[in-house]
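Work through the two exercises below with the sequence and the model at hand, and try each task before turning to its solution.

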Amino acid sequence: MRVSKLYSKTQREVPADADTLSHQLLVRAGMINQLFTGAYTYLPLGYRVLKKIENIVREEMDRAGGQEVNMPVIQPYDIWEQSGRDEVMGKALFTLYDRRERKLALGPTHEEVITLLAGRYIQSFRDLPQRPYQIQVKFRDEPRPRAGLIRAREFMMLDMYSFDADEEGLDESYKILLQAYKNLYDRCGLPTMTVEADSGAIGGKESHEFFLIADSGEDLILHCDCGYAANQEKAELAKGEVGGGEPLPIEEVPTPGKFSIEEVAGFFGIPENNTFKAVFYIADGKFVFGVIRGDLDVNEIKLQRALDCMDLRMATEEEVIEAGIVPGAASPVGITGITIIADDSVSSGTNFVAGANKPETHIKNVNYPRDFNADIIADIAKANPGDTCPRCGGTFKSSRGIEVGHNFKLDTMYSEAFDTKYIDKDGNSQFLVMGCYGIGLGRLMAAAVEQNHDDKGIIWPMTIAPYHVYLCPLYREGTEISVVAEKLYAELTENGVEVLIDDRAESPGVKFNDADLLGIPVRITVSPRSLEKGCVEIKKRAEKDSVLIPIEEAVDKITRMVRG
């Protein structure tokens, strides 16, 4: 391909609406163009990257036993009502009506559709396992589309699904797909971290996310030297025992002017972890009283899962007072008629200090379950860097990351919703056991830029770069430089090397700047100075220095360089 013929052009100005480096660089490099917020055109260079990622993904899914299908983007809305995810997805679900006024949805994912499809074609245990997949456009009405391709409203996605006879089969499929994901990230030249994750709107009993570590990542990953790693939304922490001794009688103590955990702990001369903190939420319209140890914070994702609610927010001060709660001195002791959820830390010690449900008054020696009951006991605590690992007692470190894949053990939640069954070896009807496995291809492309760039531009890994080689002749038409460059272009292309030749009549500075911005892995410069020595100049995009290679050796060496 010749630069002079490219459909798109590079630009020097940073787009005003681009809030991340990947967004800025992909636009400046002429790889994507925004139609409106959250929707992008892949221009020729960017589309080449996307297709290379897609081909790698497809090859690894096939190797893992997958069979490619293509399902409708438009889906009947009633199947979302049947699964219950119409409310879970909420406003993120794009909806429309056809001319008969039938309500439809634009697919943000395809669990409902694939489950219905499985019910038609999987009848017996002999048909299992099955691993259908598709690579297709998806639609989600994100409330705040941002970061270019990282959080878009229309995006290209792999969704693979596994169907097995039982949980043992699901475990095997899940293991195979975890390895397939690791393989494809390795092939893309993108090191990832696999972490435990919250299942979110997809649901299921277990899930893992794959993250590219990047300072711009919107997720915080907590990890330990022992190998445990989890998204902060999911991470557990070792809470330990506090206090000690036999439970003592409750004692009410005036605490004038003491409202915060820090103030109350200081007043009693105890550590903050020997207090109880009260927090208040509205869950699906109902008031909820939360209790957690004073040194911990509530993880609202965990809290929402524990409450099994779709809408969760902090209660306002007015709502707290209306519920009969005394702000700054509240505790679950004596509270009735209100849902109480307590973090499991409330049982990790004795003789805690808590509010007395009277203004400027606290009580000491509060013990669970002697002094109060909870409707739900669960882990609702947020883990933070520096907290203690629950697996080995080590200390959590943290990294920021961009999610580029998410795998779920769905079990039978969708097959039960759609009554999708098979006949087992004994002739009994059983629900299919499912898993699902997703990768956002455009997000992976953007994350690759976030992880691989410098102040000059993108640095593409060889396997997903739009072209392998940027051939940069510093020439005028009809000179020896032109002849050598065209010969190299032809011979490299014949050897299967993808070459972008900069045939423009531009200055060396312009050409080199564009080469760096585009991030193509290898630059070949043909100049009067190099030709005087019978050589061409080779520079890897990721390295600072260049080397001279004899012209007669160039094709062979560059071909081997490209093929690794």
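This is a predicted model: local features need pLDDT of at least 70, side-chain atom pairs count only at pLDDT 80 or more; totals for chains, interfaces and linings use all residues.

Residues are numbered from 1 along each chain as its sequence is written, and side-chain values use heavy atoms, with hydrogens and water left out.

**Exercise 1.** Determine how helix α2 (residues 44-63) and helix α6 (residues 167-187) pack.

*Solution.* Begin with the geometry: the axes, which are lines fitted to C-alpha atoms over the stretch in contact, lie 9 Å apart at an angle of about 150°. With angles over 145 degrees counting as roughly antiparallel, α2 and α6 are therefore roughly antiparallel to each other. Next, list the contacts (heavy atoms within 4.5 Å): among the residues that meet are Ile56 and Val57 in α2, and Leu177 and Ala180 in α6. The residues of this contact comprise 7 nonpolar, 1 polar and 4 charged.

**Exercise 2.** Decide whether strand β24 (residues 433-440) is enclosed or open, and find its partners.

*Solution.* Start with burial (under 20% relative accessible area, 1.4 Å probe, protein chains only): 8 of the 8 residues of β24 are buried, so the strand is largely enclosed by the rest of the structure. Then take each face in turn, with Val433, Gly435, Tyr437 and Ile439 buried on one side and Met434, Cys436, Gly438 and Gly440 buried on the other. Finally, trace the pairing, which requires at least two DSSP bridges between strands: β8 (residues 154-164) pairs antiparallel with β24 over 8 bridges, and Met157 stands opposite Gly440. Strand β21 (residues 397-411) also runs antiparallel to β24, joined by 5 bridges, and Lys409 has Gly435 as its bridge partner.

Technical notes
Axes are lines fitted to C-alpha atoms, for helices over the stretch in contact, and angles run from 0 to 180 degrees between N-to-C directions. Helices (H or I, at least four residues) and strands (E, at least two) are DSSP runs, numbered from the N terminus. Angles under 35 degrees count as roughly parallel, over 145 as roughly antiparallel, 65 to 115 as roughly perpendicular and the rest as oblique. Ala, Val, Leu, Ile, Met, Phe, Trp, Tyr, Cys and Pro count as nonpolar, Asp, Glu, Lys and Arg as charged, and the others, Gly among them, as polar. Buried means under 20% relative accessible area, exposed over 50%, partly exposed in between (1.4 Å probe, protein chains only).
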